[in-house]
Amino acid sequence: MNPSTSAPAIRSFVSSKAERFTESVIREMTRLAMKHKAVNLAQGFPDFAAPEEIKRAAQEAIAKDINQYAITWGAKPLRDAIAQKFARTQGVETDPEREITVCCGSTEAMIAALLAVLNPGDEVVVFEPFYENYGPDAILSGATPRFVSLRPPAAAGETWTFDRAELAAAFNTRTRAIILNTPNNPTGKVFTREEMEAIRDLCVQWNALAITDEIYEHILYDGASHISMASLEGMRERTITINGLSKTYSVTGWRVGWAIAPPRISDAIRKVHDFLTVGAAAPLQQAGAAALGFPAAYYDKMKVDYLARRDRALDFLGAAGFICYRPAGAYYIMTDISRFGAADDVAFARYLVEKIGVAVVPGSSFYSQPGGGAQQVRFTFCKTEQTLRAAADRLAVLPQMHGFKS
Ligand SMILES: Cc1ncc(COP(=O)(O)O)c(C=O)c1O
C-alpha cells in the first residue's frame, strides 16, 4: 500500500483546549530581547545573584546525596519550614503532614489546585488585568473565567480599585472560586484588609473558594502590608494559599512552590501533583527549608533594595514620557503609553525591543478582551543598577523622538 495515496489527510492533533490559548507573551518577549540584544525589562526574573546561603544549602544537599525523589507532596524539612513561616508571618497554623503540597513552582501549584477543585461548567472569578497564566489555567481545568475590572488610579497617590457591585455580580451559583493575586502582578496593587473582607464575604455567601497567589508577599512599598486571605475569619477552611521560592529568594529557575489548603483539598491537590510531576527538585527543596528560616533582616533588606529599584525605574520611565502607575507591591510598573501615539501596545512593544533596545510586555497580555491594555505596557525592575541604567539610557531618546518635553 502506498500510504501517501490511501491514508486520510493528517489532522491537526492539537486538542481544542490547547487551541484556545496562545503561548506566553511574557516568555516570548524574553526570546525577542535575546534576539535583538535588548535590555530585558519584560520577564520578572532577577539578573542579580541569589543569596549565598541558599546557594550553599543547595550545594550541600547535592553533596550529601539528597538526589533522589523527595516525598511526592514535599520533603518534610521544607513542609515544616513552610508551616512555621506561615504561622510566624501570618498567624495561620497549618499541619505540614496534611495541608501542604510542594510543587514545581507556584505555577504548577496553581494549575494543580485548579485541576483538583474545578469541574467543567464551574466559573472562576479573576481580577483583570491578571497574571497571564490564569487564563490558560482556567481553560485547562475546564472552567470559565469571569473577569472583574481593576481600574487604574485616576490621580497620583491613588491605587487600582474595583467596583464592589461588579465584583458581587460576578458571583453566582456556578462560582467555584476566586483567584486573587496580592501583591498584584501586573498592577502592583496590594489589596487592603477591607477589600479582602469584601471578597471573603462573597466567598462565604456563595460557598466559593479563594485561591490566592501570594508570591510577592515580601515585596512591598510605602507602608503597604500583606494580608493572607487564610488569616481572615471564616477563610481558613476555604482558601488555597499559593506561594514559592522564586521571587522572595531570587531563584526563579529552581521551580519550587507550594499550595497550602485544608486536608480534603490538599489530598486532591497531592494526587493531581503526583501524576503531573511527581515532585520538585529534592536538593532545592532542602535549600528552600534553609531559606524559609532566614531572619527578619533578610526580608527588610530585600524591601529596601526593591524600593530603591522601584524609585529609580519610576524616575527614568517618567522622564522618558511614560505615565506610571506607582506600585505598592511586587516588582512591576504598569504604564500608560498614550503620549507616544502608538497604534497599540503590541506595535509599541515591538518598536521598543527592535528600535530602542528595551523589552517590555504589551498590556494586552494581561486582559481577556480585545482592546484591553491597548495603551499600556509593563516594565519589570527586578534588575541590577547596571541593567536599569542601560534601560534608562536607551529610553531617554523617546521624548525627543516623539516630539515632547519630558
Ligand atoms: C503572580 C505570579 N504568580 C506566579 C508566578 C510564577 O511563579 P513560579 O516561579 O513560582 O512558578 C509569577 C511569575 O512571574 C507571577 O508573577
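How many residues does helix 6 have, and how far does it reach from its first C-alpha to its last? This is a predicted model, so every value here is computed. Helix 6, residues 105-117, has 13 residues and reaches 19 Å, close to the 18 Å expected at 1.5 Å a residue.

Next, its surroundings. Among the buried residues are Gly105 and Ser106 at one end, Glu108, the run from Ala109 to Ala113, and Val117.

Now a helix pair. The axes of helix 5, residues 76-90, and helix 11, residues 282-291, come within 8 Å and cross at roughly 30°. With angles under 35 degrees counted as roughly parallel, the two helices are therefore roughly parallel to each other. Their crossing is left-handed. Helix 5 contributes Pro77, Leu78 and Ala81 to the contact, and helix 11 contributes Gln285, Gln286, Gly288 and Ala289. By type, the residues of this contact are four nonpolar and three polar, with no charged ones.

Last, a single residue. Tyr306 sits in helix 12, residues 296-319. Is Tyr306 buried or exposed? Tyr306 counts as buried, because it has 22 C-beta neighbours inside 10 Å, and the cut-off for a buried residue is 20 or more. Setting aside neighbours within four places in sequence, Tyr306 is in contact with Ile219 and Tyr331. Thr387 lies 81 residues from Tyr306 in sequence, and the C-alpha to C-alpha distance between them is 14 Å.

Terms used
Residues are numbered from 1 along each chain as its sequence is written. This is a predicted model: local features need pLDDT of at least 70, side-chain atom pairs count only at pLDDT 80 or more; totals for chains, interfaces and linings use all residues. Helices (H or I, at least four residues) and strands (E, at least two) are DSSP runs, numbered from the N terminus. The expected span of a helix is 1.5 Å times one less than its number of residues. A residue is buried if 20 or more other C-beta atoms lie within 10 Å of its own, exposed if 12 or fewer, and partly exposed in between; C-beta atoms are placed from the backbone. Axes are lines fitted to C-alpha atoms, for helices over the stretch in contact, and angles run from 0 to 180 degrees between N-to-C directions. Angles under 35 degrees count as roughly parallel, over 145 as roughly antiparallel, 65 to 115 as roughly perpendicular and the rest as oblique. A crossing is left-handed if the near helix is turned anticlockwise from the far one by less than a right angle, and right-handed if clockwise. Two residues are in contact if their C-beta atoms, placed from the backbone, lie within 7 Å. Ala, Val, Leu, Ile, Met, Phe, Trp, Tyr, Cys and Pro count as nonpolar, Asp, Glu, Lys and Arg as charged, and the others, Gly among them, as polar.
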